[in-house]
Amino acid sequence: MTEVGTARKRKEDGRLITGRTQWTDNLQLPGMLHVAFLRSPMAHARISRVDVSGALGRPGVIAAFSGQDFAAEQGSLPCAWPVTEDIVIPDHPPMAFEEVRYVGEAVACVIATDRYKAADALEAIEIDYEPLEPVLDMEEALTDASPKVHAAGNKSFTWKFAQGDIDAAFADAPVVIDRTYIQQRLIPTAMEPRAVVAQTDGDMFTLHSATQIPHVLRVMLAVVTGIPEHKLRVIAPDVGGGFGSKLQVTAEEVLALLIARRLGKPVKWTESRSEGNLTVHHGRDQIQHIQLAATQDGVIKGLKVDLLADMGAYLMLVTPGIPLLGAFMYNGIYKMDALDFTCTGVFTTKMPTDAYRGAGRPEATYAIERAMDELAVEIGIDPLEARRRNWIRHEEFPYTTIAGLTYDSGNYEAATDKALALFGYDKLRVEQADRRERNDAVQLGIGISTYTEMCGLAPSRVLGSLRYGAGGWEHAQVRLLPTGKAEVITGTSPHGQGHETAWSQIAADALGVPFEDVTVIHGDTMTAPKGMDTYGSRSLVVGGVAVRKASERLVDKARQLAAHMMECSPDDLDFANGAFTVKGTETAKTIQEVAFAGFASHNLPDGAEYDLDASATIDPENFSYPHGTHLCAVEVDTETGFVKIRSYVAVDDVGHVINPLIVEGQVHGGIAQGIAQALYEEAVYDAEGNLLTTTMADYLLPSAADLPDFVTDRTETPATSNPLGVKGVGEAGTIASTPAVVNAIVDALRPRGVRDVQMPCTPERVWRALQ
């Protein structure tokens, strides 16, 4: 039995589920102090006075600082993606000292012997503000009359991308679909709040952080703080979820290092949930103007996208690049002659936005999948038929899209056919027609989403052409220990994805050792010094492939020693099931025997060194393109606006599957987050720029009771761009599910004149749309 393809239970779950593990807030160090931050209650104001002296007399308080105390050393939080030459990237001090630009921005801090004493002492800090007008509406922000978030104005950039002759595509087009969609602002809400522990030992610094990106964070902290990179160690212990929210260099990480350096004591900060809603970067928040030109038969000719993207008050690590990731996905799985995309990044006095699960791809998929339904209605055909007339057929792969990407493999027909069979599509359409004829108060709607995505963020040259500040490579090292056990050191940094299990399966097959004999080491820049970390569904298609390559190189090294032991040429050896066998004989040595012989070194070839470890760095040639078909049936109560998801079918194609159980979990979680955007979640600000959704009582997250049972299945079209044949899966469910749900709701209400409901489709919004 091979390990790859086996539905192994995750080996890391025993400690994660029971809490018998090390996470950042669980860390206790001798003499450790606790930090609490005073945060601005105003969306936009000048700071005229800060007096922290009152806090110093409070019980347990060791120190208190204002932003001015750090002004000379805190630098500016980095933006690694300057998407245009003329982009406006304002200074972003970790602690404000002149002006605040969103509610929740740190303005002072207290350090005390425990977190509660530190928090209590914040009330003794005196601070005076001179209020300035908030800027909250993107369209108004771009007018001359708008107040300015920054002296340079409210526009950060305009980025244009055009392929084909868009004017010709729209000239005399008999069908033009023109729609505007709103991507509401979302709060990522990972299970584990952010937490940081910083400590010094002489001139050495160690930062524990609940981060997705220990390697990137180390580089950026060195740049921002001036601490030499070789004097800085970053550790991401077990991390409880991220979804992009921990793909960041945060103010609290920088300030914890500076405070530890100043006090010479270890310090810890852990956010509260309300603090997190305020100050974890938000997601989405776009206005999408979509125009689609087609023939009378529904064949797409061209697509125009005019996008306004809310940056918030500052540009964080990859803020401006997030909406541009969608630029190459607005065409989706469809063929067309021209694409014209323009994105304008707008500053407002809100928490900055940045990566959230899917990062630009869910927004693009939502727009094109909603528009495809509108096209079908316009020409009077079934929405599935509209898709079939336009999608890339399986025999056309590899296919270079109008956006210039080469989709290496796929079979949209197979995934759709399987989904239809599981869903009972035709039967549901009959029931829908019956309910409409009876004018039933509860109407049935059917929603479709046929999606693809670009993921596995790599290749480095492509990222460089987009002005991204880092590469897309990944590194792995594999060591064979004297007793034949294996250690895998990976540059990926898991926070719930199951890397320890999947990487063990890959290495076990390649080395021919038992799954239980493989240990995976990650998340510490000292023990795993090379890596580009985990985000963008890149871990398997880049990091997992690196594990496979390093394992193969290790086998090649062992082959040389095995050949010497058996007095034959390395070319005369076969390797299978963990053993080297002389071709045509029964003479064999297991890889474990070779490992111990190498350790003993009693009989090495002349000039040879004991070296049974190997490394690999992978920089893929192409993105990964998973795809699938998601179908959703909803019942909408037209008297109350209540939406109930009756059934949900997802058939995804993620290439060759390493562990079906992990894939199933990723798909389930992704669908839940996509449904949450469609029906429940929205970050809401009032007219003064105050966030109203600071608790889970105000920001509605669905529970298991709010979600249906998902029927999931797969087709398998292996990727041709990597030797494992794998594609990313971490974001697929989120990308596909939101348009499936909203298309179903609109489909239910369309006979009553409704052609859109703004997300989240709450009962009130659905009811108002009907009125």
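Is L701 buried, exposed or partly exposed? I looked this up before anything else. L701 counts as partly exposed, at 28% relative accessibility. I kept in mind that the model is predicted.

**Entry: L701**

I placed L701 in the loop between α19 (660-679) and β28 (710-715). I then asked which residues L701 is in contact with, leaving aside neighbours within four places in sequence. I found T189, E681, M696 and D706. I also checked L701 against A190. They are 511 residues apart in sequence, yet 11 Å apart in space, C-alpha to C-alpha.

**Entry: the whole chain**

I counted 21 helices and 28 strands. The radius of gyration is 28 Å, and the globule rule gives 28 Å for 771 residues, so the chain is as compact as a globular protein of that length. Along the principal axes, I read a C-alpha trace spanning about 85 × 75 × 45 Å.

How much of the chain counts as buried? I noted 62% of the 771 residues. The accessible surface comes to about 28300 Å². Carbon and sulfur atoms hold 50% of that surface.

I looked at contacts between residues at least 6 apart in sequence. Of these, 79% join residues at least 24 apart. The chain has 68 positive and 103 negative charges, and their mean positions are 2 Å apart.

**Entry: helix α20**

I tested the length of α20, residues 732-749. With 18 residues at 1.5 Å a residue, α20 should span 26 Å. I found its end C-alpha atoms 27 Å apart, which agrees. Is the helix enclosed or open? I counted 18 of the 18 residues of α20 as buried, so the helix is largely enclosed by the rest of the structure.

**Entry: N331**

I found N331 in the loop between α10 (322-325) and β15 (338-347). Its relative accessibility is 0%, so I logged N331 as buried. What does N331 touch, not counting residues up to four places away in sequence? My list reads L303, M336, L339, T401, I402, A403 and Y407.

**Entry: K485**

I turned to another loop residue. K485 sits in the loop between β19 (474-480) and β20 (486-490). At 35% relative accessibility, I put K485 down as partly exposed. Not counting residues up to four places away in sequence, K485 touches R479, L480 and D517. I also looked up K485 and K11. They lie 474 residues apart in sequence and 16 Å apart in space, C-alpha to C-alpha.

**Entry: A376**

I located A376 in helix α11, residues 361-379. A376 counts as buried, at 1% relative accessibility. I set aside its neighbours within four places in sequence and listed the contacts of A376: I381, D382, P383 and A386. I then checked D297. The C-alpha atoms of A376 and D297 are separated by 9.6 Å, while the two residues are 79 apart along the chain.

**Entry: backbone checks**

Most residues other than glycine have a negative phi, and most peptide bonds are trans.

P398 is in the loop between α12 (383-388) and β16 (399-400). I logged another cis bond from M759 to P760, again with omega near -5 degrees. P760 is in the loop between α20 and α21 (763-770).

Next I looked at phi. D285 is not a glycine, but its phi is positive, at about 65 degrees. I placed D285 in strand β13, residues 283-294. With a relative accessible area of 10%, D285 is buried.

E567 is not a glycine either, and I read a positive phi of about 55 degrees. Where does E567 lie? I found E567 in the loop between α17 (539-565) and β22 (573-576). E567 is exposed, with a relative accessible area of 75%.

**Entry: recap**

I close with two pairs of notes. Both D285 and E567 have a positive phi, but D285 is buried, whereas E567 is exposed.

Conventions:
Residues numbered from 1 in each chain as written. Predicted model: local features only at pLDDT ≥ 70, side-chain atom pairs only at ≥ 80, totals over all residues. Heavy atoms only, no water. Helix = DSSP H or I, 4+ residues; strand = E, 2+ residues; numbered from the N terminus. Rg over C-alpha atoms; globule rule 2.2 N^0.38 Å. Buried < 20%, exposed > 50% of the residue type's maximum accessible area, 1.4 Å probe, protein only. Contact = heavy atoms within 4.5 Å. Areas by Shrake-Rupley, 256 points an atom, 1.4 Å probe, with all protein chains shown as cover. Lys, Arg positive; Asp, Glu negative; His and termini not counted. Charge placed at Lys NZ, Arg CZ, Asp CG, Glu CD. Expected span 1.5 Å × (residues − 1).
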